[in-house]
Amino acid sequence: MNPRESLVLCEGYHDRAFWAGWLLHLGCTDPGAAAAGGVRGRVPDPWGKPVVRGEYGFHSTSGEFLRVRPCGGKAAVLRELQTRLAEESQRARQDSARIHLRRVVLSTDPDTLEDGSSSKTSVRQQDLIPLARRFDENAQQEESGELLLFEGSVCISLVRWEATDGSCAGVPRQQTLERLVCAALVAAYPQRGSAVQAWLDSRPAGPPAGPKEFAWSHMAGWYADHGCENFFRYLWAVHAGDGHVRQELEKRLRACGAWRIAETLAE
């Protein structure tokens with residue numbers, strides 16, 4: 001049988017950390033995880049090559065291979081998608097049974113404002129249709145919005161980090177992963193929002209507070225031992241508080257459609 005993989009293309013290392021914690025929460029396993037007191041092991045992909053270049057490799061609950069790749073920005077996410085689709089298009093022309101991809105998920109920040117007052121945005125579902133048809137003119141869009149290519153062999157999904165919460169203390173306005181996380185934290189622990197906002201507003205001659213200023217303020221206030229990157233992963237950990245944050249994350253991820261996609265990856 002031809003080995004295949006699912007692939008998450010995300011903007012950077014913080015998204016990678018969030019995906020890692022989330023996928024483990026959903027039941028995926030990390031084949032490189034070290035035993036107690038041991039050394040982390042090498043993670044091979046389905047073709048025997050080591051998972052490198054900052055990528056993470058997981059096994060789904062059914063044993064399928066899942067790769068998370070930080071691409072270095074929105075434009076790089078799209079470039080990487082096109083590179084992989086070009087490779088799969090060539091394989092499909094030769095023999096569809098040789099296709100390597102099973103599913104690819106694009107994970108990006110929309111960068112719109114929470115009230116819709118900004119027209120700025122990253123890739124949208126409708127943007128993917130003409131892109132996909134450059135590699136498969138018969139690519140079809142499902143009712144879910146996902147795209148099927150190469151006679152249904154490859155599925156493309158889009159995750160846009162969004163939270164429908166209105167403006168509130170301790171939460172940035174720009175739709176990003178940071179906003180989704182901060183909104184979940186403030187919903188779980190309401191008193192933290194005003195404390196973070198007061199600190200940001202009190203900075204002498206401080207620059208305008210954006211998503212990272214809000215996220216790092218929450219991290220420094222309550223999760224400093226974990227540092228910036230692991231903060232996004234730790235929020236999913238069983239021992240990270242009383243579970244309220246995970247519940248609030250799930251609410252927002254379900255609302256923006258990301259939870260269903262992650263559950264499919266983890267199956």
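Arg 91 lies in helix α2, which covers residues 74-94. The model is a predicted one. Is Arg 91 buried or exposed? Its relative accessibility is 17%. Buried means under 20% relative accessible area, so Arg 91 counts as buried. What does Arg 91 touch, not counting residues up to four places away in sequence? The partners are Ser 96, Arg 98, Ile 99 and His 100.

Now take another arginine. Arg 42 lies in the loop between α1 (13-25) and β2. Arg 42 has a relative accessible area of 55%. The cut-off for exposed is over 50%, so this residue is exposed. Leaving aside neighbours within four places in sequence, Arg 42 is in contact with Gly 48, Lys 49 and Pro 50. How far is Arg 42 from Cys 155? The two residues are 113 apart along the chain, and their C-alpha atoms are separated by 28 Å.

Step back to the whole chain. The protein has nine helices and seven strands. The C-alpha trace spans about 65 × 50 × 30 Å along its principal axes. Of the 267 residues, 49% are buried. The accessible surface comes to about 12500 Å². Carbon and sulfur atoms account for 49% of that surface. Among contacts with a separation of 6 or more, 65% join residues 24 or more positions apart. The protein has 32 positive and 34 negative charges, and their mean positions are 3 Å apart.

Next comes the sheet. Strands of a sheet pair through backbone hydrogen bonds, either parallel or antiparallel. What is the order of the strands here? The sheet is open, has seven strands and runs β2-β3-β1-β4-β7-β6-β5. Its pairing is mixed. The edge strands are β2 (56-59) and β5 (140-141), and each of them pairs on one side only.

Follow the sheet through β4. This strand covers residues 101-108. Seven of its eight residues are buried, so β4 is largely enclosed by the rest of the structure. One partner is β1 (residues 5-10), which pairs with β4 in the parallel sense over six bridges. Leu 7 stands opposite Val 104 of β4. Val 8 has Val 105 as its bridge partner in β4. The pairing of β4 with β7 (residues 154-160) is also described by six bridges, in the parallel sense. Val 104 stands opposite Ile 156 in β7. Val 104 therefore faces Leu 7 as well as Ile 156, given that two strands pair if at least two bridges are found between them. Further along, Thr 108 stands opposite Arg 160 in β7.

How many residues of β7 are buried? The count is seven of seven, so β7 is largely enclosed by the rest of the structure. Both faces of the strand are covered. On one side lie Val 154, Ile 156, Leu 158 and Arg 160.

The pairing of β7 with β6 has another sense. These strands pair in the antiparallel sense over three bridges. Leu 148 stands opposite Cys 155 in β7. The two strands form a hairpin with four residues between them. In this hairpin, Phe 150 takes a positive phi near 55°.

Helix α3 covers residues 125-133. Which of its residues are buried? They are Gln 125, Leu 128, Ile 129, Leu 131 and Ala 132.

Notes
Residues numbered from 1 in each chain as written. Predicted model: local features only at pLDDT ≥ 70, side-chain atom pairs only at ≥ 80, totals over all residues. Heavy atoms only, no water. Buried < 20%, exposed > 50% of the residue type's maximum accessible area, 1.4 Å probe, protein only. Contact = heavy atoms within 4.5 Å. Areas by Shrake-Rupley, 256 points an atom, 1.4 Å probe, with all protein chains shown as cover. Lys, Arg positive; Asp, Glu negative; His and termini not counted. Charge placed at Lys NZ, Arg CZ, Asp CG, Glu CD.
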